Amino acid sequence: MVRDGTTGGAPAGNGRKPRGVGAIVSSAHLAAGASPALSELEFGLILASHAFSRWMVRCMAAAGVPGLSAMEVLILHSVRHRDRAKTLADLCLVLDIQDTHVATYALRKLAAAGLVATGRAGKEKLIRITDAGRAACDRYAEIRERLLVRATTSTGPAEEALSQIGAQLRALSGYYEQAARAATTL
């Protein structure tokens with residue numbers, strides 16, 4: 001497929017070239033620039049982001065904890081990570097949450113559900129996973145293995161390819177962060 005949206009083949013019976021599919025994007029006006037491939041990647045990120053959010057919410061509901069948002073599920077798993085208490089700043093840094101009130105609200109909801117608990121170490125407020133939170137994360141992991149990991153290991157990209165994609169996405173996030181900082185100065 002040629003990037004101009006045509007197939008590059010012979011003209012159709014009416015003398016015009018058949019119109020090809022072209023780049024798969026959500027905003028053709030952005031794909032018309034110097035990097036249509038970046039627009040394709042962005043559309044893929046949009047779709048993957050929404051699908052991943054839906055997956056997290058539905059998997060946690062299947063694990064017995066309905067009503068959590070994707071952000072709350074992310075924060076719960078991050079608190080569980082390595083079974084060590086975390087500070088609000090740690091969670092925001094790791095998950096790249098700029099609005100701390102979003103994380104604070106999520107933590108309050110998780111605490112009210114009995115999934116996390118807060119305490120202090122000197123002046124520092126720490127968040128830790130509770131037994132109920134650990135059990136929810138374990139059920140989520142079991143469902144993830146059964147429904148998602150089995151599917152990706154049987155028909156999806158190899159482990160090494162997934163790891164490389166993850167590394168590329170983390171690197172791309174740096175480009176977007178730098179561009180966001182630059183755009184703020186315009």
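Thr 130 is found in the loop between E2 and H6, where helices (H or I, at least four residues) and strands (E, at least two) are DSSP runs numbered from the N terminus. The model is a predicted one, in which local features need pLDDT of at least 70 and side-chain atom pairs count only at pLDDT 80 or more, whereas totals for chains, interfaces and linings use all residues. Residues are numbered from 1 along each chain as its sequence is written, and side-chain values use heavy atoms, with hydrogens and water left out.

With a relative accessible area of 13%, Thr 130 is buried, a term that denotes under 20% relative accessible area, as against exposed for over 50% and partly exposed in between (1.4 Å probe, protein chains only). A polar atom of the Thr 130 side chain lies 2.5 Å from the backbone oxygen of Gly 114, and a polar atom of this side chain lies 3.1 Å from the backbone nitrogen of Gly 133. When neighbours within four places in sequence are left aside, Thr 130 is in contact (heavy atoms within 4.5 Å) with Gly 114, Leu 115, Val 116 and Ala 117.

Gly 114, whose phi is positive, near 80°, follows H5. The buried residues of H5 are Ala 103, Ala 106, Leu 107 and Leu 110. These residues cover an arc of only 100° around the axis, and therefore lie on the same side of H5, the arc being that of the directions from the helix axis to the C-beta atoms. On the other side of H5, the exposed residues are His 101, Tyr 105, Arg 108 and Ala 112. The cover over the buried residues of H5 includes helix H3 (70-80), helix H4 (88-95), strand E1 (116-121) and strand E2 (124-129).

The largest nonpolar core has 27 residues, and those with the most contacts inside it are Met 60, Ile 75, Leu 76, Val 79 and Tyr 140; such a core is a set of buried Ala, Val, Leu, Ile, Met, Phe, Trp, Tyr and Cys residues joined through side-chain atoms within 4.5 Å. Two or more residues of this core are given by each of helix H2 (36-62), H3, H4, H5, E2 and helix H6 (131-155), and the largest share, five residues, comes from H3.

How values were computed
Polar contact = N/O pair within 3.5 Å; in protein donor to acceptor, adjacent residues only side chain to side chain.
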